[in-house]
Amino acid sequence: MRIRTARRSDLPLLQDIECAAGEPFRALGMSAIADDDPPPLDLLDDYRRSGRAWVVAGPDDRPLGYLIADPVDGAAHIEQVSVHPSAARRGLGSTLIDHLAGWARERHLGALTLTTFSHVPWNAPYYARLGFRTLGDDELGDGLRKIRAEEAEHGLDRWPRVCMRREIPDAGTGPHLSGTERRR
Ligand SMILES: CC(C)(COP(=O)(O)OP(=O)(O)OC[C@H]1O[C@@H](n2cnc3c(N)ncnc32)[C@H](O)[C@@H]1OP(=O)(O)O)[C@@H](O)C(=O)NCCC(=O)NCCS
């Protein structure tokens, strides 16, 4: 397994991974999540061109999982991390997240953040195992507030959602992002 930045030719596969990774939500009565469209190709391509889309690939170089991230409130925000169910529970998700932490540390981003469902076993409880803690409402920066508002508008608040954060030790102070790496 190796992590590399996404290529343009990977992008349709990332959509397939997203759809397959959504299927297990059906068993929890969250069919709307399973039925949600994957990120459009042009959005995935924006992340790719910004250097903020990574894949974990198998021995044949085919992506098995992916992660896209945005700089938000001085942290690296995980917009999406998904692993194909056929490759699940082999540490690929945590490897992608650790890779992002390394990327973020080099750019002096002080933490990783994400939003997720609080009661889905492979969401908040999983991230808690990886060292993320749930943020209180009074701890959210403007960027995370905006993301939560957009999610609510998209109907995601039918189930309890939380913001979570994992500090990055020794990240230094102040983000150092190149022009292309900045948020669109
Ligand atoms: C979240 C996700 C990326 C984890 O990827 P992964 O490569 O399977 O994760 P890892 O191998 O690093 O960790 C496995 C752990 O995840 C949790 N987990 C993964 N799948 C699970 C499942 N079906 N049921 C319960 N827990 C699960 C468990 O804590 C598991 O540990 P265990 O195997 O020791 O019980 C993957 O489950 C996924 O793509 N889910 C669907 C998309 C999604 O919800 N993304 C997050 C949106 S915020």
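This is a predicted model: local features need pLDDT of at least 70, side-chain atom pairs count only at pLDDT 80 or more; totals for chains, interfaces and linings use all residues.
Q: What other backbone atoms lie 2.8 Å or 2.9 Å from an atom of the ligand?
A: A backbone N or O atom of Gly93 is 2.8 Å from an oxygen atom of the ligand, and a polar backbone atom of Val81 is 2.9 Å from a nitrogen atom of the ligand.

Q: How much of the accessible area of the ligand does the protein cover?
A: On its own the ligand has 910 Å² of accessible area (Shrake-Rupley method, 1.4 Å probe), and the protein covers 79% of this.

Q: Which elements give two or more residues to the shell around the ligand?
A: They are β4 (75–83), α4 (92–106), β5 (111–117) and α5 (124–129). With four residues, β4 gives the most. A residue counts as near a molecule if one of its heavy atoms lies within 4 Å of it; of the 21 residues around the ligand, Val83, Arg89, Gly91, Gly93 and Tyr126 come nearest. By class, the shell has ten nonpolar, eight polar and three charged residues.

Q: What secondary structure does the chain have?
A: The chain has six helices and seven strands, taken as DSSP runs (helices H or I, at least four residues; strands E, at least two). Along the sequence they follow the pattern β-α-α-α-β-β-β-α-β-α-β-α-β.

Q: Why does the radius of gyration of the chain agree with that of a compact globule?
A: The globule rule is 2.2 Å times the number of residues to the power 0.38, taken over C-alpha atoms. For 184 residues a compact globule would have a value near 16 Å, and the chain has 16 Å, so the two agree. The C-alpha trace spans about 40 × 40 × 30 Å along its principal axes.

Q: Why is Ile17 called buried?
A: Buried means under 20% relative accessible area, exposed over 50%, and partly exposed in between (1.4 Å probe, protein chains only). Ile17 has 3%, and therefore counts as buried. Ile17 lies in helix α1 (residues 11–22). Ile17 and Tyr66 are 49 residues apart in sequence, with C-alpha atoms 8.1 Å apart in space.

Q: Why is Cys163 called buried, and why is Cys19 called partly exposed?
A: Cys163 has 4% relative accessibility, so it counts as buried. Cys19 has a relative accessible area of 34%, so it is partly exposed. The whole structure holds zero disulfides (pairs of cysteine sulfur atoms within 2.5 Å).

Q: Why is Asp170 called exposed, and why is Asp73 called partly exposed?
A: Asp170 has 74% relative accessibility, and so counts as exposed. Asp73 has 41%, and is therefore partly exposed. Asp170 is in the segment after β7 (161–167), and Asp73 is in the loop between β3 (63–72) and β4. Although not a glycine, Asp170 has a positive phi of about 60°; Asp73, also not a glycine, has a positive phi of about 55°.

Definitions and conventions: Residues are numbered from 1 along each chain as its sequence is written. Side-chain values use heavy atoms; hydrogens and water are left out. A polar contact is a pair of N or O atoms within 3.5 Å; within protein, one must be able to donate a hydrogen and the other to accept it, and residues adjacent in sequence count only if both atoms are side-chain atoms. Ala, Val, Leu, Ile, Met, Phe, Trp, Tyr, Cys and Pro count as nonpolar, Asp, Glu, Lys and Arg as charged, and the others, Gly among them, as polar.
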